[in-house]
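Colleague: I'm new to this one. Can you walk me through it?
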Amino acid sequence: MNIMVVDSNKQHLDDLVTKIQMVFKNDTIVSFTDPLLAVKHAFNCQVDQLYTEVLMRRIDGFMLVLRVRKCNPMVNVIFVTESDHYIQEATAICAEGYLIKPVTVKKLEECLEWQPMDDYL
């Protein structure tokens, strides 16, 4: 699986990447502090899972998701941010997950276990 992680805060990005590596030991992980570089990468490479902060410089996480989905329409999106303020917006664009910082390995694993209710209907 190809995983992309985007957060304009380098310390938060590095921390999240370290924890994702603990969960996804054999997968490819790329990370960006610049969301526009992440978009460029997504247009040239397959992205299966995207972890992104909502609030970033240049473009926000929602705009990033819209751009990444243009070339990777099946990408799984998990927002990682500091508050629950954007949950409704994340739900509206069909995000697969929403994590509140600080992220732990346990939170990552629980997010992976979550299934949308549509799977049970």
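Modeller: Let's start with L37. At 46% relative accessibility, L37 counts as partly exposed. Keep in mind that this is a predicted model.

Colleague: Which element holds L37?

Modeller: L37 sits in helix α2.

Colleague: How far is L37 from V6, in sequence and in space?

Modeller: L37 and V6 are 31 residues apart in sequence. Their C-alpha atoms are 9.6 Å apart in space.

Colleague: Stay with α2. At what angle do the axes of α2 and α3 cross?

Modeller: Roughly 10°. Helix α2 covers residues 35–44, and helix α3 covers residues 61–71. Their axes come within 8 Å.

Colleague: Why is α2 called roughly parallel to α3?

Modeller: Because angles under 35 degrees count as roughly parallel, α2 is roughly parallel to α3.

Colleague: Is the crossing of α2 and α3 left-handed or right-handed?

Modeller: The crossing of α2 and α3 is right-handed.

Colleague: Which residues make the contact?

Modeller: From α2, the contact uses P35, L36, A38, V39, A42 and F43. From α3, it uses L64, R67, V68, K70 and C71.

Colleague: How many of those residues are nonpolar, polar or charged?

Modeller: The contact of α2 with α3 has 9 nonpolar and 2 charged residues, with no polar ones.

Colleague: New topic, the largest nonpolar core. How many residues are in it?

Modeller: The largest nonpolar core has 22 residues. M4, V6, L50, L64, V68 and F79 touch the most other members.

Colleague: Which elements give two or more residues to this core?

Modeller: Those are β1 (2–6), α2, α3 and β4 (76–81). The largest share comes from α3, with 4 residues.

Colleague: What does V68 touch?

Modeller: V68 touches M4, A42, L50 and V75. That leaves out residues up to four places away in sequence.

Colleague: And beyond that core?

Modeller: There is a second, separate core of 14 residues. Among its members are L16, F24, V80 and L108.

Colleague: Now the other helix pair. How far apart are the axes of α1 and α5?

Modeller: The axes are 9 Å apart, and the helices pack at an angle of about 60°. Helix α1 runs over residues 10–23, helix α5 over residues 105–113. That angle makes α1 oblique to α5.

Colleague: Is the crossing of α1 and α5 left-handed or right-handed?

Modeller: The crossing of α1 and α5 is right-handed.

Colleague: Which residues meet there?

Modeller: K19, I20, M22 and V23 in α1 meet V105, L108, E109 and L112 in α5. By class, the contact of α1 with α5 has 6 nonpolar and 2 charged residues, and no polar ones.

Colleague: On to strand β3. Where are Q49 and T52?

Modeller: Q49 is in strand β3, and T52 is in strand β3 too.

Colleague: Is Q49 buried or exposed?

Modeller: Q49 counts as buried, at 5% relative accessibility. Setting aside neighbours within four places in sequence, Q49 is in contact with M1, N2, I3, M4, F24, V75, N76, I78 and L112.

Colleague: And T52, buried or exposed?

Modeller: T52 counts as buried, at 1% relative accessibility. T52 is in contact with V6, G61, L64, V65, I78, F79 and V80, leaving aside neighbours within four places in sequence.

Colleague: Let's do the backbone. Where is there a cis peptide bond?

Modeller: A cis peptide bond joins K101 and P102. Its omega is about 0°. P102 is found in the loop between β5 (97–100) and α5.

Colleague: What is the phi of R58?

Modeller: R58 has a positive phi of about 75°, although it is not a glycine. R58 lies in the loop between β3 (49–52) and α3.

Colleague: Is R58 buried or exposed?

Modeller: R58 counts as exposed, at 60% relative accessibility.

Colleague: And what is the phi of C94?

Modeller: C94 has a positive phi of about 60° and is not a glycine. C94 is in the loop between α4 (87–92) and β5.

Colleague: Why does C94 count as exposed?

Modeller: Exposed means over 50% relative accessible area. C94 has 53%, so C94 is exposed.

Notes
Residues numbered from 1 in each chain as written. Predicted model: local features only at pLDDT ≥ 70, side-chain atom pairs only at ≥ 80, totals over all residues. Heavy atoms only, no water. Axes fitted to C-alpha atoms, helices over the stretch in contact; angles between N-to-C directions. Parallel < 35°, antiparallel > 145°, perpendicular 65-115°, else oblique. Left-handed = near helix turned anticlockwise from the far one by under 90°. Contact = heavy atoms within 4.5 Å. Nonpolar A, V, L, I, M, F, W, Y, C, P; charged D, E, K, R; others polar. Core = buried A, V, L, I, M, F, W, Y, C linked by side-chain atoms within 4.5 Å. Buried < 20%, exposed > 50% of the residue type's maximum accessible area, 1.4 Å probe, protein only.
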